[in-house]
Amino acid sequence: MLSPTPLSLLCALLLCLPLAVIFTITSPTTTATTTASTTKNYQKLKIKTIISLPRPPRPPPPQDDESLFRLAAGINPRPVRRKKIAFLFLTTTPLHFAPLWELYFDQAPKQLFNIYIHADPSYKYDPPFSGMFANRVIHSEPAKRFTPTLASAARRLLAHALVHDPSNAMFALLSPSCIPLHSFNFTYKTLARSKKSFIEILRNESWAYDRWAARGPDAMLPEVKLEDFRIGSQFWVLSREHARVVVGDQMIWAKFNKTCVVEDACYPEENYFPTLIHMKDPRGSVSATLTHVDWRDSFDGHPRMYEASDVGSDLIVALRNSRPRYGDDEGRNGSDSSVRRRHDPFLFARKFSPDSIQPLMSIAKEAILKD
């Protein structure tokens, strides 16, 4: 075997040098690239993991009124995401028309509405709330006629709905004897496009003084003067802005929350809300209710009760075609001619007797829920 000469060793060294240089230069780069890629992939994985974490559930609204109203008054005045309608049922009886309302809500995308029930705990509810109405009862207190408790229950419903879901934009107060007059889709479009509340606000009623003085001749002064006192339907649809006005009010509510000394003139639920909206923001409302009621055959302070024999497609058509009564202050919201041209649709109607549920169900799909 030949011994390597110095020249052959030098040649071999020169041949290997480029490989060494390439290895030296590219190895760190390859390592850096691999590390960067791994880091980038890790960061992507980390971001995805964070995003996919479920949102923590909202804490339940406070059960004491003071904390609840304080929290609700500070809620964002604008609804977030797509608007929802809050249906507020104020009841002391089982919801006899639950099957009809079930059909009504079955038409609706679940992300467009919420249901809340204020149920006087001193009454029994048999059958209990079930189906669409299960687990919808808020913390409730006794609610009785001729006392401030009915108005207090409505305020409690508003506060709870404001705190519960920031998407609630319009708030419709309903009684257990109410039925829908249109499909959910029609109702939603009517309310979601409105920037105003719908609340009856009447000024020149003959019994206004008696109701104003029901707590004593000077009990409402100086905050609520007789000329500012208003009367209207107990059932309304309030905008989110006006819902916040109600739950944030203390001064006017303190007057209406007093015990009446003349019981048969005591209707805070029909006086407080119209008076408050009139005093705080009359231009922000259409002064009419969208819940039809017939006072021509009233008895003992209650409107006409529709019996099972009254129910038919013709009745639904007649109720739909009726024109709401617009309040005496409506001119503030536009010209007199524009008021005369208004014909907002009634969306709900009352009072219906419990035994009218069967004939109502028989015409529901063809007459009530079909527009």
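Predicted model: local features only at pLDDT ≥ 70, side-chain atom pairs only at ≥ 80, totals over all residues.
Strand β1 (residues 84-91) has eight of its eight residues buried, so β1 is largely enclosed by the rest of the structure. Here, "buried" is a cut-off: under 20% relative accessible area is buried, over 50% is exposed, and anything in between is partly exposed, using a 1.4 Å probe and protein chains only.

Residues are numbered from 1 along each chain as its sequence is written, and side-chain values use heavy atoms, with hydrogens and water left out.

**Strands**

Back to β1. Both of its faces are covered: Lys84, Ala86, Leu88 and Leu90 are buried on one side, and Ile85, Phe87, Phe89 and Thr91 are buried on the other. Which strands does β1 pair with? Strand β3 (residues 168-174) runs parallel to β1 and is joined to it by six bridges, with Lys84 opposite Asn168. Strand β2 (residues 113-119) is also parallel to β1, joined by seven bridges, and there Ile85 stands opposite Phe113. For two strands to count as paired, DSSP has to find at least two bridges between them.

There is also an open sheet of three strands, in the order β4-β9-β8, with mixed pairing. Its edge strands are β4 (179-180) and β8 (291-292), each pairing on one side only. β8 pairs with strand β9 (residues 348-349) in the parallel sense over two bridges, and Thr291 has Phe348 in β9 as its bridge partner.

**Aromatic rings**

How many aromatic pairs does the structure hold? It holds 24. Rings of Phe, Tyr and Trp (the six-membered ring of Trp) pair if their centres lie within 6.5 Å; planes under 30 degrees apart are stacked, over 60 edge-to-face, and the rest tilted. Take Tyr104 and Phe184: their ring centres are 5.8 Å apart and their planes at 70°, so this pair is edge-to-face. The pair links distant parts of the chain, with Tyr104 in helix α3 (residues 98-106) and Phe184 in helix α5 (residues 184-192), 80 residues apart. Another pair, Tyr125 and Phe129, is tilted, at 5.2 Å centre to centre and 35° between the planes.

| Residue | Relative accessibility | Class |
|---|---|---|
| Tyr104 | 0% | buried |
| Phe184 | 2% | buried |
| Tyr125 | 16% | buried |
| Phe129 | 18% | buried |

Tyr104 and Phe184 also belong to a cluster linked by ring pairs, together with Phe87, Phe89, Trp101, Phe105, Phe113, Phe133, Tyr188 and Phe348.

**A helix with a buried side**

Now for helix α7 (residues 240-248), where Arg240, His242, Ala243, Val246 and Val247 are buried. They cover an arc of only 160° around the axis, which puts them on the same side of α7. That arc is taken from the directions from the helix axis to the C-beta atoms. An α-helix has 3.6 residues a turn, so residues three or four places apart point the same way.

**Cysteines and a loop residue**

With a disulfide defined as a pair of cysteine sulfur atoms within 2.5 Å, the count comes to one. The disulfide joins Cys260 to Cys266, with 2.1 Å from S to S. Its angle about the S-S bond is 65°, and the link is right-handed. Cys260 is buried at 14% relative accessible area, and Cys266 is buried at 0%.

Gln234 sits in the loop between α6 (208-212) and β6 (237-239). At 16% relative accessibility, Gln234 counts as buried. Leaving aside residues up to four places away in sequence, Gln234 touches Leu150, Leu173, Glu269 and Glu270, where a contact means heavy atoms within 4.5 Å.

**Confidence**

Finally, pLDDT is the predictor's confidence in each residue, from 0 to 100. The protein chain averages 86, and 82% of the residues score at least 70. Over residues 9-50, though, pLDDT stays under 50, and the model has three contacts for them beyond four places in sequence.

Terms used. Helix = DSSP H or I, 4+ residues; strand = E, 2+ residues; numbered from the N terminus.
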